[in-house]
Amino acid sequence: MTLSSSTLTWAQLRDIACAELEGAADGWGRASNRADAGRDRIERQLMPELRGTQRGAAADAAVGRLRELGRNLQYVYTECGLIRTALNSLAHEMRGQQQVLSRALGEAEELRFTVHADGSVTYPPGGEGAVDGKPLPGGTARVTGAPGLYPSSGLVAPNPNAVRAQDIADRITGAVRAAAEIDWRFTRVLRGLRAEQGLKVPDRTWTDAAGDAAAVRRMADGYLKSLIPMAASPEERREWWFGLTDEQREEYLAVYPDRIGNLDGIPSLIRDVANRDNLRLLIGELEGRDDEVARVRLEGLREIDRQVNGGGRPPVYLLGIGDEGNGRAIVSFGNPDTARNVAAYVPGLNTALDGEFARSDLKRARDTAIGMHQHDPSSAAIVWLGYDAPQFPDGWDTLDVAGDERAVRGGESFNRFMGGLAATSAYENPHMTAIGHSYGSRTVGAATQQGAGIPGVDDIVLVGSPGVGVDRAEDLGVGRDHVFVGAARNDIVTGVPSPREAVLGFAGLTNLGPAGGKLLGYAADPGDDDLWFGRDPAGEEFGARRFAVDDGPWMLSGGRPNADAHARYFDPSRDALSANSIALIAAGRASELKAEEHR
């Protein structure tokens, strides 16, 4: 069907049963919901129970089959949801043109005009002739070009009924043409929503699903997207979500999982559902590309997909996923909305959505969650990659990390994210901890300078920090006794020189004994406790509470910088002192910390 071949008439437009379209949409919605319920039972009940009670090759094979079945049901859920929204969007747009038509036909009836099958409008005599004063003859208004492009005027047709009739004819014709265009657009989209035959859903099918979702999103912009409260506060977004009908929520989840899943203020369970769908759609999109960025990103997404659907403990919640910049991923071990203690960890230098992030940074959050559970089972730990951390693509000779622009932008996003957690928590006053590692500590520092500070955060933990942008712990907004610092003796990042020390260039690595390791420049001053982003958080002048950590291996290995001490803070097998300290603080048990002297 093409626009030029459309034979839609105004009578057909008038008689379209939009309620029947919506009824068909409801049927597809029920199918989508059944698939979603099946998937949820597999992921939340069957797989965890199987993993918790069975071991061996047979159990592993059963888990693999369940995971495949869950993905198939996810595909059914997604495609059926897209069809439902396409049909509802079609009904919404058609009803709009029916309203335009109805108003025009109503005016014609009131004026006793006759509307013909072709959309022309006959009007009666009216007005007075300039010569004889008799009513001017009636006639018929037709649309031969674009409606409204050449409106009638009193000079051409002085009968006032002619002007009204032409306006009515224009509106009728405009509504019919708009409806024909709508019909044409949705016919193309609905014909494209087809699945391959068979029971398996390979990655290439998800590539098609990503295209399907994009097509339906374009159709549903006026129907759904414009109503998403993107500029609202987390509290307002939460209220918006709970104010929707069940059908509206289901449609948003089916068509805009990327928007809903990354919207601070939406409940975590809902974000998880949306982001699991968006994760598969992102994988499908990247499967259709053949470049290095797609390859690297796919490795990270697939590993996240494996962990999210692995049925492990603590349960995994996907609170954010995206492909912008260096990639976005927010993963929680435990449900932060129902946990009494919530910790959010911000990674730093060289973090991006890749395989290393999905393996190492997710493990840091999981280790923290497991440690917190030992002190209080009502706990959740999150890794938050919601910003573009600086990268060292060419080794140590780039200066991206030297600036704080990325930290400031990331701090704004982290502030909003924590505000969203505070808004959706089941607790009136949950215990919340912000953890910054490496450059991530500078990002946390920037977040504290937004508005009244980081919403809901009680404690701040800084590990491997090159400075946080302020010179005193009390400037972070939670009180100096609630700022905690871990700095390994041989951490190469906590020993980075201040800008003043580095002005003449690096001279080498020197151990300063009890003061810890520091990367010294020609202008080094052993009495200077400044780091790159302000005063050393582990120093006495900063005023934070320093906790005990392992020294870590020496910062030179084979004549090259060794950053191993910088990467151990969260790992209970490599630095049990630090990992347990972080877990104690995040679980609200900071009084049990083993203190360390300031540098």
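This is a predicted model: local features need pLDDT of at least 70, side-chain atom pairs count only at pLDDT 80 or more; totals for chains, interfaces and linings use all residues.
View 1. Three strands form an open sheet in the order β1-β2-β3, and their pairing is antiparallel. The edge strands are β1 (114-115) and β3 (139-141), each of which pairs on one side only. Two bridges join β1 to strand β2 (residues 121-123), these strands running antiparallel, and the bridge partner of T114 in β2 is T122. Helix α4 lies across β1, β2 and β3, and runs at about 165° to β2.

**View 2. Helix α3 against helix α4.** Two packed helices are described by the angle between their axes and the distance between the axes. For helix α3 (residues 57-110) and helix α4 (residues 160-192), the axes come within 9 Å and cross at roughly 170°. Because angles over 145 degrees count as roughly antiparallel, α3 and α4 are described as roughly antiparallel to each other. The residues of the contact of α3 with α4 divide into 18 nonpolar, three polar and six charged.

**View 3. Helix α2 against helix α9.** Helix α2 (residues 18-53) and helix α9 (residues 268-287) pack at an angle of about 105°, and their axes are 13 Å apart. This angle lies in the range of 65 to 115 degrees, and α2 and α9 are therefore roughly perpendicular to each other. In this view R39, E43 and R44 of α2 meet D272, V273, R276 and D277 of α9. By class, the contact of α2 with α9 has one nonpolar residue, no polar residues and six charged residues.

**View 4. P572 in its loop.** P572 is found in the loop between β17 (560-561) and α15 (576-586). With a relative accessibility of 43%, P572 counts as partly exposed, because it falls between the limits of 20% for buried and 50% for exposed. When its neighbours within four places in sequence are left aside, P572 is in contact with D367 and A579. P572 and T368 are 204 residues apart in sequence, yet 9.0 Å apart in space from C-alpha to C-alpha.

**View 5. The protein chain as a setting for the close-ups.** The protein chain has 15 helices and 17 strands, and of its 599 residues 52% count as buried. Among the contacts in the protein chain with a separation of 6 or more, 72% are accounted for by residues 24 or more positions apart. The accessible surface of the protein chain comes to about 26,600 Å², and 50% of this surface belongs to carbon and sulfur atoms.

Key:
Residues are numbered from 1 along each chain as its sequence is written. Side-chain values use heavy atoms; hydrogens and water are left out. Helices (H or I, at least four residues) and strands (E, at least two) are DSSP runs, numbered from the N terminus. Buried means under 20% relative accessible area, exposed over 50%, partly exposed in between (1.4 Å probe, protein chains only). Contact means heavy atoms within 4.5 Å. Axes are lines fitted to C-alpha atoms, for helices over the stretch in contact, and angles run from 0 to 180 degrees between N-to-C directions. Angles under 35 degrees count as roughly parallel, over 145 as roughly antiparallel, 65 to 115 as roughly perpendicular and the rest as oblique. Ala, Val, Leu, Ile, Met, Phe, Trp, Tyr, Cys and Pro count as nonpolar, Asp, Glu, Lys and Arg as charged, and the others, Gly among them, as polar. Accessible areas come from the Shrake-Rupley method with a 1.4 Å probe; for residues, only the protein chains shown count as cover. Two strands pair if DSSP finds at least two bridges between them.
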